[in-house]
Amino acid sequence: MKLSIVIPCYNGAQYLAKAIDSALAQDYPDKEIIVVNDGSTDDSLAVASAYGDSIVLVNQHNQGLSAARNAGIRSATGDLFAFLDCDDYWAPDFASKLCRALLDNDATIAYCGWQNVGVSGPRNEPFVPADFAGMPDRIEKLITGVRWPVHAAIVRRDALFAAGLFDTGLRCCEDFALWIRAAPTAPLVRVPEVLAFYRFHEGQMTRNRALVALSHFQVQMDFLSAHPEISAHFDKQTLRRITVDELVRRGFAAYWSGDLPATRAIFRTALRHGYRSPGKMKYMLPALLPQAIHEMLVRVLRNSGKAL
């Protein structure tokens, strides 16, 4: 089966050549590479153009990441799809191993392990997601959070279109939205190796804690609202744990890292959705105050050695 590799790019000239080279170096023979220049104002178009006929180049006005990926999908002719952002890259055998696993197991989605690059500490450790295929509670686990990034999976064309492609209304978590539409009941197969690499650098949307947390929550709520038959499988306590509780967990991660603007946005949303936990209200309720007062309160209490 033919594999279409879609590489969207907006002002990614610094990294784009390595992404294209990574796609060209894949040892899966039947492939095409579609690079979508999403209205870049740097040298991205020149970088992509230098590859000539070895890639398919789509040039469009800036429409955003989801629209760029969708343009690549619609320009592709493959039976299988992989997505590689312009600042990420793969091991040379990524495509062959995932395509083989998908086809041998008659799966809809194959996924693998991945690793962050350019960040130190625990977040730099290689990570292999759990094997969701045999989990009795896999729908719950996937709605809580899909554990593979967009470039660590290969998906069949029919499943991609059945899921409605990437949601152009989302600024973030559009890959999460796609996977939870496509994956809950589809045959999945895991390749338990680290074959995909995610590069950390300044300016990435994933560094905006509030955007990521609130988008993740929005995707969850939209999905559950659109699929009452899935929502009905869970009791209220479980629904709260996988949605609002998860949002609050992300809010506290922002709080303890010192990101008060993100903390405020996340806690306010959780409170609007009825979150109430007596032990946590002393942290959360100040988010309803004007930011200057909240900042002063946090500063005073921390200077006094009290926990807030």
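**View A. The D259 side chain and its polar partners.** The side chain of D259 reaches the side chain of R209 in a polar contact of 3.3 Å. By polar contact we mean a pair of N or O atoms within 3.5 Å; within protein, one must be able to donate a hydrogen and the other to accept it, and residues adjacent in sequence count only if both atoms are side-chain atoms. A polar atom of the D259 side chain also lies 3.2 Å from the backbone nitrogen of A262. D259 itself sits in the loop between α11 (244-256) and α12 (260-272). Helices here are DSSP runs of H or I with at least four residues, strands are runs of E with at least two, and both are numbered from the N terminus. Leaving aside residues up to four places away in sequence, D259 touches R209 and A254, where contact means heavy atoms within 4.5 Å.

A note for every view: this is a predicted model, in which local features need pLDDT of at least 70 and side-chain atom pairs count only at pLDDT 80 or more, while totals for chains, interfaces and linings use all residues. Residues are numbered from 1 along each chain as its sequence is written, and side-chain values use heavy atoms, with hydrogens and water left out.

**View B. The whole protein, for orientation.** Of the 308 residues, 53% count as buried, meaning under 20% relative accessible area with a 1.4 Å probe and protein chains only; exposed is over 50%, and partly exposed is in between.

View C. Follow the 8 strands in the order β3-β2-β1-β4-β7-β6-β8-β5 and you have traced an open sheet with mixed pairing. Both β3 (56-60) and β5 (89-90) stand at the edges with a single partner strand each, so one side of each is left without a neighbour in the sheet. Two strands pair if DSSP finds at least two bridges between them; β6 (residues 109-117) and β8 (residues 188-199) do so in the parallel sense over 9 bridges. Look for N116, whose bridge partner in β8 is Y198. Helix α3 (residues 65-75) lies across β1 (3-9), β2 (31-38), β3 and β4 (80-83), at about 145 degrees to β2. That angle, on a scale from 0 to 180 degrees, is between N-to-C directions of lines fitted to C-alpha atoms, for helices over the stretch in contact.

**View D. H151 and its neighbours.** H151 belongs to the loop between α5 (138-144) and β7 (153-156). With 1% relative accessibility, H151 counts as buried. Apart from residues up to four places away in sequence, H151 touches F83, L84, D88, Y89, W90, F94, A196, F197 and Y198.

**View E. Two loop residues with positive phi.** N11, in the loop between β1 and α1 (13-24), is not a glycine, yet its phi is positive, near 50 degrees. N11 is partly exposed, at 31% relative accessible area. L165, also not a glycine, has a positive phi of about 60 degrees and is found in the loop between α6 (157-162) and α7 (174-182). L165 counts as buried, at 4% relative accessibility.
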